6 protein chains.
Amino acid sequence: MAGPIGLRQRLAGRRALVNGYCMMPGAFSGEVYARQGFDVVTLDLQHGLIEYADAVRMLQALTACDVVPMVRVPWLDPAIIMKVLDAGALGVTCPMIGTAEQADRLVRYVRYPPRGERSLGPIRAGLIHGPGYAAAAAESVSAMAMIETAEGVENVEAIAAVPGLTGIYIGPGDLSLSLGRPARLDAFDPVVDRAVERILAACRARGLIAGIFAPTPARADELVRRGFTFVTLNTDVKALETQARQWVDEYRTLESR
Amino acid sequence: MAGPIGLRQRLAGRRALVNGYCMMPGAFSGEVYARQGFDVVTLDLQHGLIEYADAVRMLQALTACDVVPMVRVPWLDPAIIMKVLDAGALGVTCPMIGTAEQADRLVRYVRYPPRGERSLGPIRAGLIHGPGYAAAAAESVSAMAMIETAEGVENVEAIAAVPGLTGIYIGPGDLSLSLGRPARLDAFDPVVDRAVERILAACRARGLIAGIFAPTPARADELVRRGFTFVTLNTDVKALETQARQWVDEYRTLESR
Amino acid sequence: MAGPIGLRQRLAGRRALVNGYCMMPGAFSGEVYARQGFDVVTLDLQHGLIEYADAVRMLQALTACDVVPMVRVPWLDPAIIMKVLDAGALGVTCPMIGTAEQADRLVRYVRYPPRGERSLGPIRAGLIHGPGYAAAAAESVSAMAMIETAEGVENVEAIAAVPGLTGIYIGPGDLSLSLGRPARLDAFDPVVDRAVERILAACRARGLIAGIFAPTPARADELVRRGFTFVTLNTDVKALETQARQWVDEYRTLESR
Amino acid sequence: MAGPIGLRQRLAGRRALVNGYCMMPGAFSGEVYARQGFDVVTLDLQHGLIEYADAVRMLQALTACDVVPMVRVPWLDPAIIMKVLDAGALGVTCPMIGTAEQADRLVRYVRYPPRGERSLGPIRAGLIHGPGYAAAAAESVSAMAMIETAEGVENVEAIAAVPGLTGIYIGPGDLSLSLGRPARLDAFDPVVDRAVERILAACRARGLIAGIFAPTPARADELVRRGFTFVTLNTDVKALETQARQWVDEYRTLESR
Amino acid sequence: MAGPIGLRQRLAGRRALVNGYCMMPGAFSGEVYARQGFDVVTLDLQHGLIEYADAVRMLQALTACDVVPMVRVPWLDPAIIMKVLDAGALGVTCPMIGTAEQADRLVRYVRYPPRGERSLGPIRAGLIHGPGYAAAAAESVSAMAMIETAEGVENVEAIAAVPGLTGIYIGPGDLSLSLGRPARLDAFDPVVDRAVERILAACRARGLIAGIFAPTPARADELVRRGFTFVTLNTDVKALETQARQWVDEYRTLESR
Amino acid sequence: MAGPIGLRQRLAGRRALVNGYCMMPGAFSGEVYARQGFDVVTLDLQHGLIEYADAVRMLQALTACDVVPMVRVPWLDPAIIMKVLDAGALGVTCPMIGTAEQADRLVRYVRYPPRGERSLGPIRAGLIHGPGYAAAAAESVSAMAMIETAEGVENVEAIAAVPGLTGIYIGPGDLSLSLGRPARLDAFDPVVDRAVERILAACRARGLIAGIFAPTPARADELVRRGFTFVTLNTDVKALETQARQWVDEYRTLESR
């Protein structure tokens, strides 16, 4: 009955999920990071320096942490999508979804038959999420499509209508560039803003989780108040360098008084 | 002529060296951390989750960073001391030095004959620090003795007198416990404070680098003004968890308004 | 003259090859497993937690074991197929082959010109299988197509007719699901059974190796008597957990008497 | 208040703890093995092919498993003992303890001041076992001394009297050889049997956990009924090879009918 | 302003770039090799035993070496191309480019919008190449297309005309086989020779870098005098085995006198 | 009956064993190197960048190569000595043996009771060398003591007399420095030469293998003619850098004509 706690189960009763991105390929850094209060931790196999074997080790460490473990895959490729799910990730975020056909392929790689074509063999997922894993997967395992191109915006209503999709995630940097605007994360250019609004509307219409990246807590709060239900509060690398740099700079300033 | 830039070369013209501890066994996290303004980065093989093979990978990444690469070894053991030096570390910090005899062993493991008994074969050190490495090692490679027990304090003048020692580093947590006081890092109990003073005096008398851990920039500044010339401004783990936690907490507060 | 011992060479004079699946990414577990009497060990990069670098290490350990080293790749992707062959695998098993065109692509990725388009550069294969490796590859390196969908069954005669294919391997779990039947491994539903028979017939007609998964020795024997010439006798994970669980359970029962 | 569940906490209300040895250096094999019903899993860094970095990854995976994570260290060496404890092991088993002085050193490496000299810095232990870890360590972290030589038997009463020791573990193979008897595990030679009895008596007298290796469930039950409270039910390697070999042999027998 | 030193910047004022191939997956072997005088070191993820995680470690070591770090990817796959660039490679060489459409996809995976569709997030590239990395990428990051099939030769003028392509690299072994000639590297069959000439002409016409493999220094010199501006002077594996073998053979000859 | 082929078995009927040192921590580089005609390959855990886990992977690859696998340990430490033997090394070379007592400890760590105190549990050695491994170990497993200090020379007759020692290996660089002479490898200073002669005489008197490092084949031949029966023909790093450098230099010379 219970089944693993995926994005939808975790979101129940909450306004929004707070996600953190792991870009560093270490199970210990992942573990440290995942214990700081996030709802979700996403291992970034796209821009992060993480590959499958790192992801396995990190998923093993995350099993003991109170977060939903997600993976951002590098591309719409069935091999890596199925492998990270078999390793225990409770969902994938897939970059550069531009059409409903691509979104449908994403869902098919993530879902077991009859909806999809994921091959059966959840070697670690079955071990840690229990014998009911395969039966519960349709509820617990998420497929998040990233919209980050003009083409994706054009097709967002069709994408959102793909059965079995869990949510849409906006990559505001790439989206801005694709729309021919500068890649700002703290505030959106009006053109970008309209695209964001359209995506949000499509998510609302279909009951999808709407996710986005936020560089700061204030920006995250703004975006959630606007309707997002999943917000990435920056990355492990950014946290590490921000605090280390701040301590060193503060000391240098004190020293030079 | 030049030779590698070790602690003494880096200290020339500076008031104090700012050190950061790597506790996480990742070459990428090490690289990110080492590019935040530190003078020295110490790979902590004692309390960090780092072992020799990690240290090698991290030293490789640090070679391109503008820091002096040091290693804290887990114990006074010639095998690991010689191995990290051969791999390119420009010095070791050794915990739990309680006697002049132990300090002398440390120096002998770090120094080539005739002063010491380090075996010749600087496989990577020679490659990256250049053909003059072995000749310059007496100047460029450091031996830092940690004093963190009552016994070490008792013997600090004799320890400081050991020829070839580069400096003394205080572990204030262990030292406090060993002196029967609580392990405070932000301010010292009077008993601990007197021990610290005595160690500082011994360093000054022998021209040794005097190092210590500081939890905050303000505390680091205080300690440098007191006479320390090497100050550890916390660790990569602490930086990562402090900033990540702060962002999440800030968001949660904003959300719950 | 000899050339490496691939599936066909090993099968000569035997009724069937006994294969074991490695799902665990360890060269030592692989080595232990491969020394228990198998004819073939297949590193499972699809459902196993193994990736390319693990496979390399495992292939290195298997070189000293008396088994034919095979790899199940995650998907019909030339990159991974050519990489594992260059690393010394003597064949690949490819999941989800549904059409003759896909089977032909598989063969082309596995075979050198003129039959195929495998790029020349058998970096480790040449080292360990000897200078005649490339010349012998057409005989010694196998291409096994997995049929595990309704589409694959429909096209099985055309698939079997693809020149250069070595054999067909049935994934009975996925096949059952694809045919809308429950995923039973110990006995086949009549619909599945007919599909299996059709595949066997196609293999016989073309002189192909016919492979399948068997959960138990008794089932393996049944399947071989039915005509299969390659039978997977479960996995390393299943062996480990079955025996460990049995010992613990047996003890608990004895203790509670 | 609670504190981590170490050997003593787990033993409460049970007749004996069932331990499994991990000899294979894989976090996934460790995870599979640790989910088969054991009370304790010991990572064997002595005879197993596991080193510190493997142990860290395995401890990370074990954190989500319902077992007490222990480590058998290769030797009485403070470096490795303190490192595995800082990484989260809830105790160490140390081979070849022959004298009370050695047992005392073991306890001093495992215990914080004032009893011992373990250095403070439980980098991962603090993270996963919580802020009360250091305070609870005296209760939750175990020091198990292996007696496996004639000298150890001679000194067993003095060893058992060392304050802070948690238990004694018998290595029956080495003990037999040291006593000049063949290394049998299934039944003891009378000379060995008397030594075993003497060790058991010393444990009982001091309230120590008494541990031993057992090759089979029946032998484990016998030994527990004799008074042992900790019994190792063989290893992951033995489980893997026993079951794999049995399946292959069974098949070969069926095939050759 | 400066920007990283890519192929074009390094070539300025030189007749040709000398490249070495790393086939061995070790950061230390890579570091040793890269310090022997090469202009460029290419990590071979196609035929080498190197995968992404190895490439990251090797790129970290190469950062401190005076070479342009390139990666040969296994196939025209956006995932691996974007990942190695984000990790700091200053270009990719892509095998088996047969058409202008494929060359255009290669350029699109390598270039940021508006020319291409590389996703923004140069996690390590930004760290080590500096904040101006993304802006300078069009100049500093190279896209090299391998022509090694008859089809590629047929289309070479169209391939060379693809905007944003940096150069063409000839794989003479595969090219010879594809043209139905033996795979000779030391001298070309006339048919191959004409193809090579045509490729060279296409490069000259478009101002592209023209690269090729050479087994020996003499052959490299010949090829550069013929017009190539990038020449691979064999591989790390070949260097290692040639010298080791020569020393052993020389000794055996001396011994047997 | 047979037992594994150790140093003594390999030496039978040969004048001397040719050894190569692996300094690079890669199983593939080790495999390439070990297939170039050596009798023995020694994994150098002292000056090489190799640690235990690397050694395990390398020993796995060496199992399929026709060489005796040895390990040079970093120091006279029972933990690492027993671990590499359990992993399948057929002997250890131990640096810095200065006294008969140290040589005796070396032998005790290498030999099973009654001669020594090696703990029983040859986890991988038993797997690959067969069930007779432990019985054959006294013959097949070697203990080589390095003499490389003035103290070692003074005590060489006593060292050579230690029962169970297999041979003595001279480190001419460290030995020269310890004797206060420059570290030349191609020819010995007269003081060093006399020491070498004395060591050779002690080996002859006790029937021990006499080993030494040689930078070139000519030097190796000279040393074997002088009486050495084990000669190290340089290292993998030296081979790699010598050949790579030579090719680049040769090309640069040709280019600049």
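Chain A and chain F share no contact; their closest C-alpha atoms lie 17 Å apart. Two residues are in contact if their C-beta atoms, placed from the backbone, lie within 7 Å. This is a predicted model: local features need pLDDT of at least 70, side-chain atom pairs count only at pLDDT 80 or more, and totals for chains, interfaces and linings use all residues. Residues are numbered from 1 along each chain as its sequence is written, with chains lettered from A and ligands numbered from 1 in the order in which they are written.

The model scores ipTM 0.96 and pTM 0.97. Chain A averages a pLDDT (the predictor's confidence in each residue, from 0 to 100) of 96.

| Chains | Closest C-alpha atoms |
|---|---|
| chain A and chain F | 17 Å |
| chain D and chain E | 17 Å |

Chain B does touch chain F. The contact takes 15 residues from chain B and 19 residues from chain F. On the chain B side, α4 (78–86) and α3 (52–62) each supply at least two residues. Helices (H or I, at least four residues) and strands (E, at least two) are DSSP runs, numbered from the N terminus. The largest share, five residues, comes from α4(B).

In chain B, eight strands close into a barrel, in the order β1-β2-β3-β4-β5-β6-β7-β8, with parallel pairing. Two strands pair if DSSP finds at least two bridges between them. β4 (residues 91–94) and β5 (residues 142–147) of chain B pair over four bridges. There, B:Thr93 stands opposite B:Met144.
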